[in-house]
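Grab the structure and work through these exercises with me. Each one sets a task and then walks through a solution.

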Amino acid sequence: MNRRDERLPGTGGRLVVVGGGASATAVLHQLARHPDVRPDAVTVVDPRPAGFGLAFGTTDPRLRCNTSVDVTSLHRAGQSDLLRYLSGRGWPVSRADFVPRALVGQYCRERFAQMRSTLAARGCALRQVTARVEAVRSAVRPGQGYLVTLDDGSTLDATDVVVAVGGDQPRVPEQLRDHADHPDLLPGPYPSARLRALPEDARPLVLGTKLSAIDAALVLCTARRQITLCSPSGELPAVREHLCRPARPTGLLAGLRTLDHRSPDFDRALTKLLVRAVRQASPGPSPALGKQFGTEPEALQRLGTELRQTEAGANAWQSVIAELIEALNDWTQGWPHRDRDRLLARFRPLIARHISAIPVSSARSLAQHGLAGRLTVRRGTPVLAPAPGGGWHARWHPEGRAEHYTQVVAASGYRPPAVCTHGPDLLAFGTAACSADCAPPPTDAHLRLTPPGDGGPERIWMVGAAGGARTAIVNYLWTAAAQAEVVARTLAAA
Ligand SMILES: Cc1cc2nc3c(=O)[nH]c(=O)nc-3n(C[C@H](O)[C@H](O)[C@H](O)COP(=O)(O)OP(=O)(O)OC[C@H]3O[C@@H](n4cnc5c(N)ncnc54)[C@H](O)[C@@H]3O)c2cc1C
């Protein structure tokens, strides 16, 4: 079967959008607004319903954004569009709030439907195809666009392609890969209904202590269950009350540009720069820095301290995080990705807990579960083996103690999108196509794919996590909103 689109009256083009999550919706929003972008037809291909990706497709109300309403928006202009959407439906929210991610999913879905109507009114048919894209290759006749191959064997032809696939493949630890079919192994915490369905007296081990592991703990910690989270660092993220656009930008980007990231003095200079920014951003007299961070080696104790500090208003650092993310992205824009990764590795110990800090309400729930003895956080990763009667034996190092867990939940994050440019196709999708250390697809400053070799930019745009070649922190809707503007502007010009 060949799904070649009928040409509709319009000013040009058949656009195929690979992925229909939040980033794709942000692109559609910009296309619908831009008077000079008038494709004849837009086809969105995604095995999931449009608007619901991995993070915002969740339905559990306990799973909240860790970004405030202010920056969780499909576009950047003016007041937050999510704030407008929620207020318009009677939700009593303010720009600083962290709302359940399910509400953001609903927002994306409704906006997607609106974009469809707006585009239809301009003579552009938007349709959805429920499938996975396997490859994008050049059309047989050069200059005639692209053939997009789907996993049902059909193809779409396209004059332009936007790739917005997110990273939906969980990072399953090496030692569990041979046990992928084990009935007591959950390869990721989503859909969360799988976690809720575990027995009331389950004793699961969650591999990870960052955002998706915390999601798992928030869903699992009920009834008589006992949950253990573990990771090599044994560290939980810091706690914050807001992540908003800065009221008083501190000039971090200019400061970062004065640093030499190869210098041995880099860490000290960076710390000095950040401390100055925190003092400057603080709305009142800045609390002593020593009073804004917990120092306890034990994760739940440190969480308790940082929760109290945040509740007491002794958390000025949170006011610089949105500016810092933006500055990091701008500063490293277009760096070779290995240099950028090296830089981020040096940043990590200083700021990673703060960039991906958790909402104060989630911290409160975790602290309560810890106090009630339902939640433990451990440093280290045990050696795991399936137990003969079901569940898992875990041997902890260095003491070598063996313990039994009823399930293992892999929650060590997600792999970058497996989009490969190294084979015969322009783009091949899927983990089989790409190795773990494949570089992200190279793009130019306008996010257009520039395949290795012959150079010229394709009419293929990479956004969200797929745009990771040029942008350091892509796991953030505010970043996708900015990328979407670039895509619409260049599509209009190209
Ligand atoms: C646990 C978690 C919490 C997060 N919380 C926040 C937050 O609070 N605030 C924030 O700004 N960001 C958050 N993020 C990051 C968030 O995912 C991004 O901001 C944004 O939602 C990504 O949107 P996306 O469309 O790029 O990816 P997704 O929303 O993941 O959508 C990608 C879509 O592509 C589809 N797809 C994948 N491969 C193919 C293929 N080959 N063919 C066709 N379709 C394909 C998938 O089915 C999916 O629907 C979080 C991420 C996670 C994992």
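This is a predicted model: local features need pLDDT of at least 70, side-chain atom pairs count only at pLDDT 80 or more; totals for chains, interfaces and linings use all residues.

**Exercise 1. Work out the handedness of the crossing of α1 and α12, then describe how the two helices pack.**

Step 1: Residues are numbered from 1 along each chain as its sequence is written, and side-chain values use heavy atoms, with hydrogens and water left out.

Step 2: Helix α1 covers residues 22-33, and its axis lies 8 Å from that of α12 at an angle of about 40°. Axes here are lines fitted to C-alpha atoms, for helices over the stretch in contact, with angles from 0 to 180 degrees between N-to-C directions. Helices are DSSP runs (H or I, at least four residues), as are strands (E, at least two), numbered from the N terminus.

Step 3: That angle makes α1 oblique to α12 (under 35 degrees is roughly parallel, over 145 roughly antiparallel, 65 to 115 roughly perpendicular, and the rest oblique).

Step 4: Now the contact itself, meaning heavy atoms within 4.5 Å. On the α1 side you'll find Ala-22, Ser-23, Ala-26, Val-27, Gln-30 and Leu-31, while the α12 side includes Leu-477, Ala-480 and Leu-491. The tally for α1 with α12 is 11 nonpolar, 2 polar and 1 charged (Ala, Val, Leu, Ile, Met, Phe, Trp, Tyr, Cys and Pro are nonpolar; Asp, Glu, Lys and Arg charged; the others, Gly among them, polar).

**Exercise 2. Is Glu-403 buried or exposed, and which side chains does it make polar contacts with?**

Step 1: Find Glu-403 in strand β16, residues 402-405. Its relative accessibility is 16%, so Glu-403 is buried (buried is under 20% relative accessible area, exposed over 50%, partly exposed in between, with a 1.4 Å probe and protein chains only).

Step 2: The Glu-403 side chain has polar contacts with the side chains of Arg-378 at 3.3 Å and Tyr-405 at 2.6 Å. A polar contact is a pair of N or O atoms within 3.5 Å; within protein, one must be able to donate a hydrogen and the other to accept it, and residues adjacent in sequence count only if both atoms are side-chain atoms.

**Exercise 3. Where is Asp-81, and what does it touch?**

Step 1: Asp-81 sits in helix α2, residues 81-88, and is buried at 4% relative accessibility.

Step 2: Its side chain joins that of Arg-84 through a polar contact of 3.0 Å. Beyond neighbours within four places in sequence, Asp-81 touches Ser-73, His-75, Tyr-107 and Arg-111.

Conventions: A crossing is left-handed if the near helix is turned anticlockwise from the far one by less than a right angle, and right-handed if clockwise.
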